[in-house]
Amino acid sequence: MIIEYIAAFFFIGGFFFLAVGVIGLLRLPDVYTRMHAMGKCDTLGAGMVLFGLMLLIFDVTNITKLILILVMIATINPIITHLIAKTAYNRGTPMAEGSFLINDYVASQRRRRRRKLQEVAIEEGDETGQ
Amino acid sequence: MLGRIKGDFMGAMFIFLLLMAFWLLISASADWQHLVVGAVFCSILTVFWSNLVISSEDNKTDFSVVQILLLIGYFYKLVIEIVLANITVALIVLNPRLPISPGMIIMRCDLKRSLIRVLYVNSITLCPGTITVELEDNLLIVHAFTENYAHELEEWPLYQRLLNLEAFYKS
């Protein structure tokens, strides 16, 4: 009896997140932000619905199949999200207005070089007595 | 095909046991007939796909218990992050003013092993406010939902866990 209520909680949560994904797909401005909504909400939404089904069925073979489906959804969904975003980026799809761009690559390269130089300086500093 | 299995017996055994456990869970009965049929087909699959055995460059399996424990801890944190990510997306999407400030970050990624790189990229996609756009050698391009998430990504706690996990392979 109580297990049905728990399963109902998972069903309603899953449907809510799936609905949020679709609303985000309609409302957000460009490709990348839309992929945010789809890629995340579909994973947890489908996962919660499948977990509710597992609680209701309670049979080893079917639970194994549902776990397999859940793992496949959780691995395929981010990969397809990444592929769509990558294709859009390589084709030069513009971002929404007011987007920022942070380039941390060069800065982190410099940080690493400075850290290495400091390590070398500390090792040499012991010899020169600084 | 057989030479690879002989060189990496532990990896082949691991794959075989995994397939056998899956077969037992699917069939849900432990007759001797089920067991024999399952063992025959699992060994055929293991021989056919012997290039999929878990091995490093020098054809030796290196897989320790500590790594499994670290992975379990990692996935436990990842589930919490996924739930948080969905709640933040729901809060942003259902807000009538739509408070987003999207943008790209170009970062550096120091992970070497391909399996751990895949884990890292997938968990960036599933975590709050970020999706990966490109990963080449050590260049990582990430699209962020708001500017706060972009700055949080540079000191991301799960990245440190993955670096710890990779350190076991090198030693």
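How many Å separate the centres of domain 1 of chain A and domain 2 of chain A? The answer is 42 Å, taken over C-alpha atoms. Domain 1 covers residues 2–97, and domain 2 covers 100–130. Those bounds come from an automatic or database domain assignment.

Some ground rules before I go on. This is a predicted model, in which local features need pLDDT of at least 70, side-chain atom pairs count only at pLDDT 80 or more, and totals for chains, interfaces and linings use all residues. Residues are numbered from 1 along each chain as its sequence is written, while chains are lettered from A and ligands numbered from 1 in the order in which they are written.

Let's start with chain B. Its secondary structure comes to seven helices and three strands. Helices (H or I, at least four residues) and strands (E, at least two) are DSSP runs, numbered from the N terminus. From the N terminus on, the elements of chain B go α-α-α-α-β-α-β-β-α-α. Chain B has 171 residues, and 26% of them are buried. A residue is buried if 20 or more other C-beta atoms lie within 10 Å of its own, exposed if 12 or fewer, and partly exposed in between, with C-beta atoms placed from the backbone.

Now contacts. Two residues are in contact if their C-beta atoms, placed from the backbone, lie within 7 Å. Take the contacts in chain B with a separation of 6 or more: 67% of them join residues 24 or more positions apart.

Next, the sheet. What is the order of its four strands? The order is β1(A)-β1(B)-β3(B)-β2(B). The sheet is open, and the pairing is mixed. Strands pair if DSSP finds at least two bridges between them. At the edges are β1 (100–103) of chain A and β2 (130–136) of chain B, and each pairs on one side only. From one strand to the next, the twist averages 20°.

Look at the pairs. β1(A) and β1(B) are parallel, over four bridges. Here Phe100(A) stands opposite Gly103(B). Leu101(A) has Met104(B) as its bridge partner. β1 (residues 103–108) of chain B also pairs with β3 (residues 139–144) of chain B, this time in the antiparallel sense, over six bridges. In that pair, Met107(B) has Leu140(B) as its bridge partner.

A quick general point. In a regular strand the side chains alternate between the two faces of the sheet. Now see β1(B). Its covered face has Gly103(B), Ile105(B) and Met107(B). Its uncovered face has Met104(B), Ile106(B) and Arg108(B).

Which helices go across the sheet? α3(A) lies across β2 and β3 of chain B, at about 65° to β2(B). α5(B) lies across β2 and β3 of chain B too, at about 150° to β2(B). Axes are lines fitted to C-alpha atoms, for helices over the stretch in contact, and angles run from 0 to 180 degrees between N-to-C directions.

These two helices also meet each other. The axes of α3 (residues 60–90) of chain A and α5 (residues 114–126) of chain B come within 9 Å and cross at roughly 85°. That makes α3(A) roughly perpendicular to α5(B). Angles of 65 to 115 degrees count as roughly perpendicular, under 35 as roughly parallel, over 145 as roughly antiparallel, and the rest as oblique. Thr75(A), Pro78(A), Thr81(A) and His82(A) meet Val121(B), Asn122(B), Thr125(B) and Leu126(B). Ala, Val, Leu, Ile, Met, Phe, Trp, Tyr, Cys and Pro count as nonpolar, Asp, Glu, Lys and Arg as charged, and the others, Gly among them, as polar.

Compare a pair inside chain A. The axes of α2 (residues 31–57) of chain A and α3(A) come within 10 Å and cross at roughly 180°. So α2(A) is roughly antiparallel to α3(A). That contact divides into 19 nonpolar, six polar and one charged.

One residue in α5 of chain B is worth a stop: Ile116(B). Is Ile116(B) buried or partly exposed? Ile116(B) is partly exposed, because 15 other C-beta atoms lie within 10 Å. Not counting residues up to four places away in sequence, Ile116(B) touches Leu111(B), Leu162(B), Leu165(B) and Glu166(B). Ile116(B) and Leu163(B) are 47 residues apart in sequence and 8.9 Å apart in space, C-alpha to C-alpha.

Last, the whole interface. 35 residues of chain B are in contact with 37 residues of chain A. On the chain B side, α4(B) gives the most, with eight residues. By class, that side has 24 nonpolar, seven polar and four charged residues.
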